[in-house]
Amino acid sequence: EAARHDLLFVTDAGTRLDAQWSARMWEAFEAPNPPDVVSGFFRPTGSTFLERAIAFVATPRLAEISPEAVLPSSRSVGFTREAWSTAGGYPEWLDYGEDLVFDLALRDTGRTFAFTPDAWVTWSARPHLPGFMTQYFRYARGDGKAGLWPRRHAARYAAYGAGTALLVLLPRNRSLAAPLALAGAWYLRTTWMRVLMRRAEFGPGWMRALALAPVIVAAGDVAKMVGYPVGVIWRLRRAGRAD
C-alpha cells in the first residue's frame, strides 16, 4: 500500500537476491505481451551441512516446475499494482500460506502469469530439525486455515496409514518387506533426485544428505499432518463465529 510504483517486486526475509534479480524481473515485464505476474525462482543453500540437507531435500528442482501451473512463492515474485489491487492484496488474516491464497486470487481475476527462473534468490532452511518441523507445521496449519490442498493432505494421511499398517503386519508376514521397501523408495524418489542432481551445488556431504533424506521427509510430513487439522479447526471455528 505504501509503494507508489506500477510494478511491485517481492522477496522474503532471509533470502539472498542474485545480482541480476531485479533486472530479470524487469525484463519479463517489458516483453511484447507483458504479464501481470512474474514468478521467479529460488535455490537452496545453507552455511551448515544440516541446513543444506534440509534445504536441498525440501526445494524443488527446476525440472519439477510446470511453468503453466506454477504458483509463485513470495520469495521471488513481481506483479502490477493493478493486479495486486484487483486481487485484494495479500490476505492479512492468514499468517502462513498467504502467498498461495494471493496467487489463487490473482488467477481468479484472470491475471496472466510468466515464469522467469533466471530471476532467482537463494534461501537456507532452519538450522535444526525441530525448527524445520515448526516451520512445516505452520505451513500446513496455514493450508488448513485457508482450505488449501485437502486432497494432497488426505493422500499423505493415506500413505502413512498404509505404511504403518504394513509395518504392523510385517513381523507376521515377511513377504511384505519388499513391497514396503519399494513403496518407501518410490515415495522418496523425488527428494533423493533433488540432492543427487544438484550434488555439485551441494558440495561435500551430499551422500550423507541422501541417507538423511528419509528422516527429513518424515519429520516434515509428521509436522504437516499435525498442523493441517489445527488449521481446519481454526477455520471451522472462525466460520462458526461468522454465522
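Contact here means heavy atoms within 4.5 Å. The structure is a predicted model, and its protein chain averages a pLDDT of 95, with 100% of the residues scoring at least 70. In this chain, the buried residues of helix H2 are covered by elements that include E3, E5, helix H5 (129-146), helix H7 (177-196), helix H8 (199-202) and helix H9 (206-242).

**Overall architecture**

- The protein chain contains nine helices and five strands, and along the sequence these elements follow the pattern β-β-α-β-α-β-α-α-β-α-α-α-α-α.
- The C-alpha trace spans about 65 × 55 × 30 Å along its principal axes.
- Of contacts between residues at least 6 apart in sequence, 77% join residues at least 24 apart.

**Confidence by element**

- Among the elements of the chain, the lowest mean pLDDT belongs to E2, at 95, and the highest to E4, at 98.

**Burial, surface and charge**

- Of the 243 residues of the protein chain, 41% count as buried.
- The accessible surface of the chain amounts to about 13500 Å², and carbon and sulfur atoms account for 59% of that surface.
- The chain carries 29 positive and 22 negative charges, and the mean positions of these two sets lie 11 Å apart.

**Helix H2**

- Helix H2 covers residues 49-58 and is mostly covered, with nine of its 10 residues buried.
- The buried residues of H2 are Phe49, Glu51, Arg52, Ala53, Ile54, Ala55, Phe56, Val57 and Ala58.
- Strands E3 and E5 are among the elements that cover these buried residues, as are helices H5, H7, H8 and H9.

**Helix H1**

- In helix H1 (residues 21-29), the buried residues are Trp21, Met25, Ala28 and Phe29.
- Viewed down the axis of H1, these buried residues fall within an arc of 100°, so they line one face of the helix.
- The packing partners of the buried residues of H1 are strand E1 (7-10), strand E2 (15-17), E3, strand E4 (77-80) and strand E5 (113-124).

**Ser39 in strand E3**

- Ser39 belongs to strand E3, which comprises residues 37-45.
- Ser39 has a relative accessible area of 2% and is therefore buried, the cut-off for burial being under 20%.
- Leaving aside residues up to four places away in sequence, Ser39 touches Val70, Pro72, Ser76, Ala114, Phe115 and Thr116.
- Strand E3, where Ser39 is found, is one of the elements against which the buried residues of H1 pack, and E3 is also among those covering the buried residues of H2.

Conventions: Residues are numbered from 1 along each chain as its sequence is written. This is a predicted model: local features need pLDDT of at least 70, side-chain atom pairs count only at pLDDT 80 or more; totals for chains, interfaces and linings use all residues. Side-chain values use heavy atoms; hydrogens and water are left out. Helices (H or I, at least four residues) and strands (E, at least two) are DSSP runs, numbered from the N terminus. Buried means under 20% relative accessible area, exposed over 50%, partly exposed in between (1.4 Å probe, protein chains only). Accessible areas come from the Shrake-Rupley method with a 1.4 Å probe; for residues, only the protein chains shown count as cover. Lys and Arg count as positive and Asp and Glu as negative; His and the chain ends are not counted. The place of a charge is taken as NZ of Lys, CZ of Arg, CG of Asp or CD of Glu. The arc is that of the directions from the helix axis to the C-beta atoms. pLDDT is the predictor's confidence in each residue, from 0 to 100.
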